Amino acid sequence: MAGKSRSGCEALKVVARCRPMSRKEEAAGYERVLELDVKLGQVSIRNPRAAPGELPKTFTFDAVYDASSKQADLYDETVRPLIDSVLQGFNGTIFAYGQTGTGKTYTMQGAWAEPEKRGIIPISFEHIFTHISRSQNQQYLVRASYLEIYQEEIRDLLAKDQSKKLELKENPETGVYIKDLSSFVTKNVKEIEHVMNLGSQTRSVGSTNMNEHSSRSHAIFLITIECSETGPDGEEHIRVGKLNLVDLAGSERQSKMGAHGERPKEASKINLSLSALGNVISALVDGKSTHIPYRDSKLTRLLQDSLGGNAKTIMVATLGPASHSYDESLSTLRFANRAKNIKNKPRVNEDPKDTLLREFQEEIVRLKAQLEKRGMLGKKRRRSSRRKKAVDGESATENEGEDDNEDGLEKNMENYLKEQKERLEEEKAAIQDDHSLVSEEKQKLLQEKEKMIEDLRKEQEATELLATKYKAMESKLLIGGRTIVDHTNEQQKMLELKRQEIAEQKRREREMQQEMLLRDEETMELRETYTSLQQEVEIKTKKLKKVRA
């Protein structure tokens with residue numbers, strides 16, 4: 001069971017999910033070899049080729065989800081607490097591992113058009129932006145990147161040049177990163193979904209015997225959430241949470257794939273990186289290993305922080321229930337069973353040096369100062385308009401102040417430039433009407449005024465450019481309860497809290513039942529008495545077989 005130890009370590013959280021039998025499997029007459037006990041968090045797998053009396057193998061995880069489980073159940077019970085941690089400034093990773101066609105992509109992405117079937121990724125988008133809209137006195141900057149590892153090459157799925165291969169670099173402070181990986185600032189769910197859809201169109205997929213739309217690459221969707229708020233010391237503090245949403249390519253045997261052309265080469269590269277992942281997990285769990293082979297593959301290097309490092313990590317092991325998948329399902333269960341012993345050391349990333357949010361804030365202050373210097377931010381006007389509203393019995397909210405800021409900026413700029421232009425035109429007309437001036441002198445003065453009008457036009461263009469840049473920068477920063485329209489009412493908030501409480505209760509019940517089962521077994525052993533030496537030998541031999549299994 002995942003939990004914190006006294007040393008501040010936290011175990012990797014592992015859950016198992018089994019898909020329903022497919023029509024193809026039912027038609028072929030395959031039998032079901034997996035049994036899931038949701039209450040105890042256990043998966044039992046029976047060998048279809050086993051000798052009579054051979055016991056099934058049983059594995060215990062933090063939670064298990066059977067074929068009837070809903071996407072929302074998995075999210076509320078397992079994923080929601082991790083996303084809340086990322087919003088507090090922790091690093092988080094969620095990855096699905098399993099054989100091709102067991103529902104990894106369905107678990108991670110689901111069916112976007114159907115609310116009930118939306119996976120972890122789209123639900124997490126809603127979760128993040130709803131949290132931001134409800135926060136108070138905090139400024140957020142959310143950006144997204146999307147990459148894939150195809151045949152051990154890293155590709156930026158959002159780049160214009162898809163042929164460019166990216167390099168992995170390491171920073172002593174921030175760890176492993178990808179050089180020149182593009183990232184897009186997103187202000188709402190619609191924008192981040194658009195970024196994801198753009199990347200998904202260029203992702204490598206292909207058809208195999210196991211799955212018609214099989215993922216032929218490992219894909220990582222990275223969300224960086226920067227949050228700024230004033231601390232008790234009166235200083236501005238920035239926290240940065242990074243969320244890795246990983247959709248791994250399927251592990252499979254080439255003989256079952258029925259693959260042709262590029263597929264065998266793809267499969268060997270996929271299996272190579274997945275075996276490197278297995279080696280890293282084994283080395284971490286072993287305790288004796290002095291060297292962890294992170295550098296054996298691009299995937300393990302990128303997941304270095306998620307496996308034994310500074311991150312909270314969830315692994316979803318996806319399983320097929322049919323007898324023809326027995327070997328692969330057993331392999332996945334053993335892999336997941338090893339992974340739950342990994343210990344991470346997550347910590348809040350506070351006040352890192354290279355935050356984009358701080359760059360944006362500094363740039364906004366600089367642009368604001370330039371606009372104020374040009375007299376374009378009419379503070380008095382905003383204050384007087386708020387005072388007037390208060391006198392008239394209206395409530396002058398913070399939002400109105402913000403809107404005033406934008407409208408006032410445009411109107412003040414327009415009024416100022418209009419007044420200056422009118423004054424210069426009047427002066428020009430006065431010079432032309434003044435008959436006491438010599439024609440040369442008049443011409444010289446008129447040229448000066450023409451130059452001033454031209455300078456004014458240039459100043460207008462420069463100011464407009466400055467104002468546009470200022471507004472664009474400011475619009476990228478999300479301010480809780482102000483920038484995003486909060487469509488969720490109090491009832492929805494209460495409903496979410498209730499769902500969280502139920503999920504937490506289920507988790508506690510499962511842990512208690514697992515503990516009780518262990519105690520019952522220990523008590524049974526203590527109470528057992530034997531009528532003869534032969535009976536004792538037989539019972540202990542059975543137990544030994546069970547332990548070995």
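## Model and overall make-up

What you see is a predicted model, in which local features need pLDDT of at least 70, side-chain atom pairs count only at pLDDT 80 or more, and totals for chains, interfaces and linings use all residues. Residues are numbered from 1 along each chain as its sequence is written, and side-chain values use heavy atoms, with hydrogens and water left out.

The chain has 15 helices and 19 strands; these are DSSP runs numbered from the N terminus, with helices being H or I of at least four residues and strands E of at least two. Of its 549 residues, 42% are buried (buried means under 20% relative accessible area, exposed over 50%, partly exposed in between, with a 1.4 Å probe and protein chains only). Among contacts with a separation of 6 or more, 71% join residues 24 or more positions apart; a contact means heavy atoms within 4.5 Å. The accessible surface comes to about 30400 Å², and carbon and sulfur atoms hold 49% of it (Shrake-Rupley method with a 1.4 Å probe; for residues, only the protein chains shown count as cover).

## Helix α4

Among the buried ones are Ile 120, Ile 121, Phe 125, His 127 and Phe 129.

## The largest pocket

The largest pocket holds about 1300 Å³ of space. Of its 41 lining residues, Thr 174, Gly 175, Val 176, Tyr 177 and Lys 242 are the closest to its centre. Elements giving two or more residues to this lining include β8 (139–150), β15 (218–230), β16 (236–247) and α8 (298–302). By type, the lining has 15 nonpolar, 14 polar and 12 charged residues.

On a 1 Å grid over the protein atoms alone, a pocket is an open set of points with protein on both sides within 12 Å along at least five of seven lines, a cavity is a set where a 1.4 Å probe fits but cannot get out, and lining residues have an atom within 4 Å of a point. Points are joined across faces, edges and corners, and a volume is the space filled by probe spheres set on them. Ala, Val, Leu, Ile, Met, Phe, Trp, Tyr, Cys and Pro count as nonpolar, Asp, Glu, Lys and Arg as charged, and the others, Gly among them, as polar.

## The cavity and Glu 152

There is 1 cavity of 30 Å³ or more, and the largest cavity holds about 60 Å³. Its lining includes Ile 149, Tyr 150, Glu 152, Arg 216 and Lys 269. Helix α7 (263–286) gives the largest share, 4 residues.

Glu 152 sits in the loop between β8 and β9 (153–156), and counts as buried because its relative accessibility is 17%. Its phi is near 65°, a positive value in a residue other than glycine. Most residues other than glycine have a negative phi.

Thr 202 lies in the loop between α5 (189–201) and β13 (205–206) and is partly exposed at 30% relative accessible area. Leaving aside neighbours within four places in sequence, Thr 202 is in contact with Glu 148, Arg 155, Leu 157 and Gln 162.
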